[in-house]
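Open the model in your viewer and keep the selection tool at hand. Each stop below says what to select and what is there.

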Amino acid sequence: MIGFDFAGKTVLIVGGSSGIGNGTAHKFRNAGADVHVWGTRPTAANYADEEGSDLEGLHYACMNVSDFDAVDAYEAPFAKLDVLVLCQGTVRYRRAEFERQGWDEVMDVNVNSVMHISQKFKNNLADTKGSIIIVSSISGFRANIGNPAYAASKAAAVSLCKTLGAAWASDGIRVNGIAPGLVATKLTRVTTDNDRRREGAIARIPAGRLGTPDDMAGPILFLASPAASYVNGQTLMVDGGLALA
Ligand SMILES: NC(=O)c1ccc[n+]([C@@H]2O[C@H](COP(=O)([O-])OP(=O)(O)OC[C@H]3O[C@@H](n4cnc5c(N)ncnc54)[C@H](OP(=O)(O)O)[C@@H]3O)[C@@H](O)[C@H]2O)c1
């Protein structure tokens with residue numbers, strides 16, 4: 001167990017209702033933080049039967065991050081914010097991202113909302129000298145043949161990390177990110193629930209296994225912690241070496 005201490009800290013995880021964000025939410029909670037998560041379903045109870053969604057002990061709010069006016073109007077139930085994790089993500093299969101609607105939907109969730117939510121909480125984070133963690137993807141560093149919007153949105157997320165990191169450093173805010181490899185979540189079921197595709201993917205991962213939400217959470221806590229106090233604008237690949245292969 002990595003011994004990070006977030007006692008007394010308030011953390012908001014956008015996309016904390018599921019998968020990597022949910023695993024990260026529990027890691028922050030176990031490290032003492034008060035953790036708020038956003039997801040798309042009306043209440044926490046709506047996730048009761050969903051694998052990879054454990055809302056126990058977390059403060060849940062429903063927010064469609066593509067509704068930028070709703071994000072703007074959001075009145076936070078917390079008095080201060082120390083860490084903002086932007087872990088929302090979506091993808092469209094069957095070449096839908098080559099069409100305008102699919103392209104726009106993915107860009108809105110994966111990059112436009114990342115910018116707008118960062119801006120929304122900038123002053124809160126300046127007050128606490130807090131930090132932002134943006135979850136992008138190794139897809140942001142290479143071609144992703146059937147998913148042009150996913151890849152472009154993740155490249156933009158990597159870029160935002162750098163520019164916001166530089167722009168807001170003088171406000172005391174650090175902006176960093178992780179680029180996951182392949183983790184079995186509801187986003188990747190199309191690959192990870194298919195034996196042939198999953199085994200094919202694992203064969204390309206030097207670590208010889210898929211990543212887990214817990215594997216992603218450790219680097220996120222590190223980047224948000226004082227151990228990373230002089231790290232800014234960086235995206236850390238957390239992929240079992242996949243990008244090396
Ligand atoms: N899994 C991987 O292999 C992998 C690899 C590289 C990068 N990533 C990135 O990791 C992040 C987390 O993904 P995941 O794999 O953990 O998938 P996931 O389990 O599907 O989680 C995605 C999260 O984003 C939320 N979300 C999606 N659209 C939203 C919207 N319009 N408004 C608000 N929230 C929205 C989902 O809310 P609901 O729970 O309500 O659906 C969920 O909390 C994403 O940015 C993804 O691109 C994942």
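**Stop 1: the ligand shell.** Select the residues around the ligand. By class, this shell has 11 nonpolar, 16 polar and 2 charged residues. Here Ala, Val, Leu, Ile, Met, Phe, Trp, Tyr, Cys and Pro count as nonpolar, Asp, Glu, Lys and Arg as charged, and the others, Gly among them, as polar. The model is a predicted one: local features need pLDDT of at least 70, side-chain atom pairs count only at pLDDT 80 or more, and totals for chains, interfaces and linings use all residues. Residues are numbered from 1 along each chain as its sequence is written.

Which of the 29 residues around the ligand come nearest? They are G19, T40, G89, T185 and L187. A residue counts as near if its C-beta atom, placed from the backbone, lies within 6 Å of the molecule. Two elements, α1 (19-30) and β2 (34-39), each supply at least two residues of the shell. Helix α1 gives the most, with 3 residues.

**Stop 2: the whole protein.** Zoom out. There are 8 helices and 7 strands. Helices (H or I, at least four residues) and strands (E, at least two) are DSSP runs, numbered from the N terminus. The C-alpha atoms fill a box of roughly 50 × 40 × 40 Å, taken along the principal axes. Buried residues make up 43% of the 245 residues. A residue is buried if 20 or more other C-beta atoms lie within 10 Å of its own, exposed if 12 or fewer, and partly exposed in between, with C-beta atoms placed from the backbone.

**Stop 3: helix α1.** Select 19-30. Helix α1 has 12 residues and reaches 17 Å from its first C-alpha to its last, close to the 16 Å expected at 1.5 Å a residue. That expected span is 1.5 Å times one less than the number of residues. Is α1 enclosed or open? Since 10 of its 12 residues are buried, α1 is largely enclosed by the rest of the structure. Among the buried ones are G19, H26 and K27. The buried residues of α1 pack against β1 (10-14), β2, β4 (83-86), β5 (131-135), β6 (174-180) and α8 (213-224).

**Stop 4: T40.** T40 is found in the loop between β2 and β3 (59-62). With 17 other C-beta atoms within 10 Å, T40 is partly exposed. Leaving aside neighbours within four places in sequence, T40 is in contact with C62 and N64. Contact puts two C-beta atoms, placed from the backbone, within 7 Å. T40 and N64 are 24 residues apart in sequence, yet 5.6 Å apart in space, C-alpha to C-alpha.

**Stop 5: the core.** Select V85, L86, I133 and I134. These have the most contacts inside the largest nonpolar core, which has 58 residues. Helix α5 (residues 148-168) gives the most to this core, with 8 residues. A nonpolar core is a set of buried Ala, Val, Leu, Ile, Met, Phe, Trp, Tyr and Cys residues joined through C-beta atoms within 7 Å. Beyond four places in sequence, L86 touches residues including V14, V114 and I132.

Stop 6: Most residues other than glycine have a negative phi. Now select R94, with a positive phi of about 55 degrees. Next take R95, with a positive phi of about 60 degrees. R94 lies in the loop between β4 and α3 (100-120), and R95 is placed in the loop between β4 and α3 too. R94 counts as exposed, with 9 C-beta neighbours inside 10 Å. R95, with 12, also counts as exposed.
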